[in-house]
Amino acid sequence: MQHILIVEDSPTMRALLTSALEGLDTPVKVTEAESGFEALRQLPRNSYDLIVTDINMPDINGLELISFVRNNSSYRTIPLVIVSTVGSERDRDKGVGLGADAYLVKPFEPDELRDVVRDLLTRPRRNE
Amino acid sequence: MAKKKTTRRRRSTKADREFVSEAEEIVERMRNDLADLTDQCSGSGEVDPELLNGIFRSAHSLKALAGLFGFEPIQELTHRLEDILDGLRLGRVALGMSALTLIEEAVNVFGSLLQRVDDAESLAGAGEQIADLTNRIEAATNEAPPEVGEFDSLDLDASLLRALTEYEEHRLRENLERGRHIVIVESTFEIISFEEGLSELSTAIREIGEVLSTLPAPGETPESQIRFSLLAATDLSLNELSSRLNFPSATVHSVGRAQPSPELASGAAPPVQAACEAPPEPPLQPTAPEMVHDSENLQSLKSISDTVRVDIRKLDELMNLVGELVVQRGALGDIVSRLLSDSKTTRIGSDLSKVYKAFDRKLKGLQASVLDVRMVPLRQVFEKASRVLRGLRRELDKNVRLEIRGADTELDKLIVEELVDPLMHTVRNALDHAIETPEERIASGKDPEGRVKIEAFQRGNHVVIAVSDDGRGIDTALLRVKAESRGLVGADEILSQQEMLDLVFLPGASTRDVVTETSGRGVGMDVVRSNVTALGGVVDIVSTPGRGTTISMTLPITLAIIQSLIIRVAEQRFAIPLNSVLETLLIEASDIQRSEGRELLNLRGDALLLRRLASEFQLDVPASDGRQFVVVLGMGDLRVGLLVDSLEGQQDTVIKPIQGPIQSVDGIAGATELGDGDPVLVLDVASFVDGSTRGREAA
């Protein structure tokens, strides 16, 4: 079963992301991290097939997390989706520049998330 | 890539509750942070950028939540709120009291809307008010153009620069403009335990500068190690910084400095702060130094991942079950002793006794854990009090400094909740009635700035919460006049100073004639006392005219399971909560001294007032002439001795409230079941100890 890591500090948003992903046709396993630090701890524990991350978080933010993932030989190829809000365009674009594969703007429909995720999970991994 | 849509999605009621509870938490946090920011702004005029950024992040989270909420005006409001805060933290909007007041208003409006999430009509009715507020915020957000600026002069790794958020870039720029050194502090940690070390390092850097960004990178063994590069700004030189940091595993290197400004002396300096536009108002001291302690950073980091939120009712249920088990254990203990005392069953008795002992140990552990889970620090209540006080300070135009101590003291959640009202009331009283105006204070040779102190500490099995002020003190003569005019005290009654002070607890005994919005009239210390008494606590009051007043509430740490002393009087058994029993004495009838109709005992040089439990409850028993037991009860500073026939030992008891006619009998707090299944009444210690000092009823 494919495994998705959700990094989001808002419990409500986390619950929504998880329930949206649980609605995928092919079942996936979801792990939730409530901070960037928690994500750093989670990464070595499992082999993830996709990361969905918020940008604006305490301790380390989404950009710092993306930079870490893309600079680490073990995680470099994991597809990454940013979820952000209107108004954070500059930071979001920087995230894309750092190597995020897609972004969604909150509030989004569960189907939008599922479409993006389905696409990234079936597409061949990046090989940079 | 997906685009923004504003359509609504359906949410379950569970998600609804989660939304409201999360939003309420954020609103509460914003209120606290805003109050701190307002203090900084009106105080030194310099504000902590991290505080401002924290408020922005809260607004940002609210906006994301409001997107799910589906009520257009609220979405718009949170949007504007985030905009203005974004402008403030990025230095594009001038920070001043007017902006802060607007933000505070918006947060309050949002908070009140949360209360009526389910009431569509009421929400719709608020639309216009929200729209007006939204417009005003928008008008205040006339943004300066975004900053541009290159960091070419800095010897910075491109990968680090690429990962900086807009805000981090702004802080970097701001620090460069101030001519500070920009450095990178690097350290490698084990991935399983990096948080503690990293938090220590960040805290150390914050003492001498500002952390601008925390960038993680793989360590030498990427699977198990993690390296952090902290981009920081400081006034110290590289050498000074290295020696001040004293962090052996960290390496520090400089990446540059722009426009060195000669007027900045080297040496430790606070972080470069965003300036606040407002002209300094009368100095308001930052409150509660304990609340912004460094160790809290560490704590809050930890709590992010290790906390579970539980409905208090679930804990009550758990507590009840443990309570039932405790009673069952008593019954089991009885069976064990019966088996052991009969020679035919000694063997099985001793087997069962071993099992019983093991069970007993486990149950005690369970009990302690369940109790521990219910304990919460007083911090939140104190923060609330400090917010109330800050609000009042502005309203009443009084100059007061609030000190808070012991915010980490823990109490049962239930008690903490019930404590909010009496505490708020006491704090309001202190500010409204006790603290004089600055002019009055100067006239009586006092510091124009008044002081109110809220303090909590544990004393034995109780927690004492004391509110003290250095105000005018209580006018006991006036109190007496009022009490006489209400017929509460006879004109010829002789009262001691303490007894006069205690008149403040009688209903309607306020000494000020002016009705203020803050304290009102008629709602007084009597309410505070009845609230505290309902929790099994007592209120003490000490006041010196012209010097100030201290009101202490002494409360049991928990109400759930308590150890009781079982005593017997006139063939009836009673339970006395052990946490209020100071000692027990065996005395001769001849040790009792009589004075003015009271019975006293000389206890190591102090006169202890004795009360006969039998006569208190009008139980039919002749006063014994032989040896008697005295149970010395204490709460706060009050003491009383209860004369009883015999002591039967200690037991864990679960106090249950009583329904029906004896519900309101003075001196009874509730009932409990003993191990043998017999119900017994539990004495209300508070009513015994404070009734005795008032001397309203001679024994």
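This is a predicted model: local features need pLDDT of at least 70, side-chain atom pairs count only at pLDDT 80 or more; totals for chains, interfaces and linings use all residues.
1. Overall make-up. Chain B contains 21 helices and 24 strands. Of its 699 residues, 36% are buried. Taking contacts in chain B between residues at least 6 apart in sequence, 71% link residues at least 24 apart.

2. A helix pair. In chain B, helix α14 spans residues 379-396 and helix α15 spans residues 413-434; their axes come within 10 Å and cross at roughly 25°. Angles under 35 degrees count as roughly parallel, and α14(B) and α15(B) are therefore roughly parallel to each other. Their crossing is right-handed.

3. Residues between the two helices. On the α14(B) side, the contact includes B:Val381, B:Ala385, B:Val388, B:Leu389 and B:Leu392. Facing them from α15(B) are residues including B:Val416, B:Leu419, B:Leu423, B:Met424 and B:Val427. By class, the contact of α14(B) with α15(B) has 13 nonpolar, no polar and three charged residues.

4. The largest nonpolar core. This core has 100 residues, and those touching the most other members are A:Val81, B:Ile103, B:Leu230 and B:Ala232. Helix α2 of chain B, residues 49-69, gives the most to this core, with nine residues. Apart from it lies another core, of 70 residues, including B:Ala483, B:Ile566, B:Ala575 and B:Ala669. In soluble globular proteins, nonpolar side chains tend to be buried together.

5. Surroundings of B:Ala232. Leaving aside neighbours within four places in sequence, B:Ala232 is in contact with B:Val183, B:Val185, B:Ile205, B:Gly209, B:Glu210, B:Val211 and B:Leu212.

Notes. Residues are numbered from 1 along each chain as its sequence is written. Chains are lettered from A and ligands numbered from 1 in the order in which they are written. Helices (H or I, at least four residues) and strands (E, at least two) are DSSP runs, numbered from the N terminus. A residue is buried if 20 or more other C-beta atoms lie within 10 Å of its own, exposed if 12 or fewer, and partly exposed in between; C-beta atoms are placed from the backbone. Two residues are in contact if their C-beta atoms, placed from the backbone, lie within 7 Å. Axes are lines fitted to C-alpha atoms, for helices over the stretch in contact, and angles run from 0 to 180 degrees between N-to-C directions. Angles under 35 degrees count as roughly parallel, over 145 as roughly antiparallel, 65 to 115 as roughly perpendicular and the rest as oblique. A crossing is left-handed if the near helix is turned anticlockwise from the far one by less than a right angle, and right-handed if clockwise. Ala, Val, Leu, Ile, Met, Phe, Trp, Tyr, Cys and Pro count as nonpolar, Asp, Glu, Lys and Arg as charged, and the others, Gly among them, as polar. A nonpolar core is a set of buried Ala, Val, Leu, Ile, Met, Phe, Trp, Tyr and Cys residues joined through C-beta atoms within 7 Å.
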